[in-house]
Amino acid sequence: MSVQAVIEFFNQRKKPVEILTFEDTSTVAKAAESLGVTHGEIAKSLLFKVKDDYIMIVMAGDKRLDNRKFKDVFQTKAKMPEVDEVMAVTGHPVGGVCPFGLKQPVPIYLDKSLQVYERVFPAAGETNAAVELKVDELKDITGGQWVDVSKD
């Protein structure tokens, strides 16, 4: 069902996309190995709770969140929701979370770490699915805003 929501998301935007499926792409390392790309080319999607709302940050798979930068940008500490909240908000299981076909509208932020790549591979709603997008396409299709919240 989650992959179907991703397909519908792209179709509604007149941007058909190929869903790449593998045995397991639930972690950056597994996804990079399955796709034959670097860890950085995996665009990991992280859901955070900000006060009573949620935001999603998509960043290069080889980067980690810088808590100080996060607090400077969002005026609060980074807090990750529980696994059941992730599913309730996104409609996607942990390991398949992506900024496409979300169950609830969530502001999308793209970390500048993605800008060093021409193309990236975000998950596609399941722990064995991904899509390939140019970074510019990712920004356009998600309406994401650029932020700097990863460790240098």
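In this predicted model, strand 2, spanning residues 42–50, is mostly tucked away, with 7 of its 9 residues buried. On one side, strand 2 pairs with strand 5 (residues 119–122) in the parallel sense, over 2 bridges. Within that pairing, alanine 43 has proline 122 of strand 5 as its bridge partner. Strand 2 is also joined to strand 3 (residues 53–60), this time antiparallel and through 8 bridges. Here leucine 47 sits opposite methionine 56 of strand 3.

Strands 2 and 3 make a hairpin with 2 residues between the strands, and in this hairpin lysine 51 takes a positive phi. The value is near 60°, in a residue that is not a glycine.

In general, strands of a sheet are held to one another by backbone hydrogen bonds, in either a parallel or an antiparallel sense. For strand 8, the pairing is with strand 4 (residues 108–111), parallel and over 3 bridges. Tyrosine 109 has glutamine 145 of strand 8 as its bridge partner.

Glutamine 75 is exposed, its relative accessible area being 56%.

Helix 2 (residues 28–35) has Val28, Ala31, Ala32 and Leu35 as its buried residues. Which part of the helix do they line? Viewed down the axis of helix 2, the buried residues fall within an arc of 95°, so they line one face of the helix. The cover over these residues includes strand 1 (20–21), strand 2, strand 5 and strand 6 (129–130). Just after helix 2, glycine 36 adopts a positive phi of about 70°.

Now for the nonpolar interior. In soluble globular proteins, nonpolar side chains tend to be buried together. The largest nonpolar core in the model holds 28 residues, and Phe10, Val58, Phe100, Leu114 and Leu138 have the most contacts inside it. Helix 1 (2–12), strand 2, strand 3, helix 4 (83–90), strand 4 and helix 5 (135–142) each supply at least two residues of this core. Strand 3 gives the most, with 4 residues. A second, separate core has 12 residues, including Leu46, Phe48, Leu65 and Phe74.

Valine 58 makes a handy example from the largest core, being among the residues with the most contacts inside it. Leaving aside neighbours within four places in sequence, valine 58 is in contact with Ala43, Lys44 and Ser45, with Pro99, with Ile108, Tyr109, Leu110 and Asp111, and with Leu114 and Leu138.

Alanine 123, in the loop between strand 5 and strand 6, shows that a loop residue can be covered as well: its relative accessible area is 12%, so it is buried. What surrounds alanine 123, once neighbours within four places in sequence are set aside? The contacts are Ala43, Gly95, Gly96, Val97, Cys98, Phe100, Ala129, Ala130 and Val131. Alanine 43 also takes part in the bridge to proline 122 of strand 5. From alanine 123 to alanine 60 there are 63 residues in sequence but 12 Å in space, taken C-alpha to C-alpha.

As for annotation, an unreviewed UniProt entry places the feature "domain: YbaK/aminoacyl-tRNA synthetase-associated" at residues 23–140. In the model, the end C-alpha atoms of residues 23–140 lie 29 Å apart, and the span is 25% helix and 25% strand.

Terms used. Residues numbered from 1 in each chain as written. Predicted model: local features only at pLDDT ≥ 70, side-chain atom pairs only at ≥ 80, totals over all residues. Heavy atoms only, no water. Buried < 20%, exposed > 50% of the residue type's maximum accessible area, 1.4 Å probe, protein only. Pairing = 2+ DSSP bridges. Arc of directions from axis to C-beta. Contact = heavy atoms within 4.5 Å. Core = buried A, V, L, I, M, F, W, Y, C linked by side-chain atoms within 4.5 Å. UniProt positions renumbered as here; feature names shortened; annotations may be inferred.
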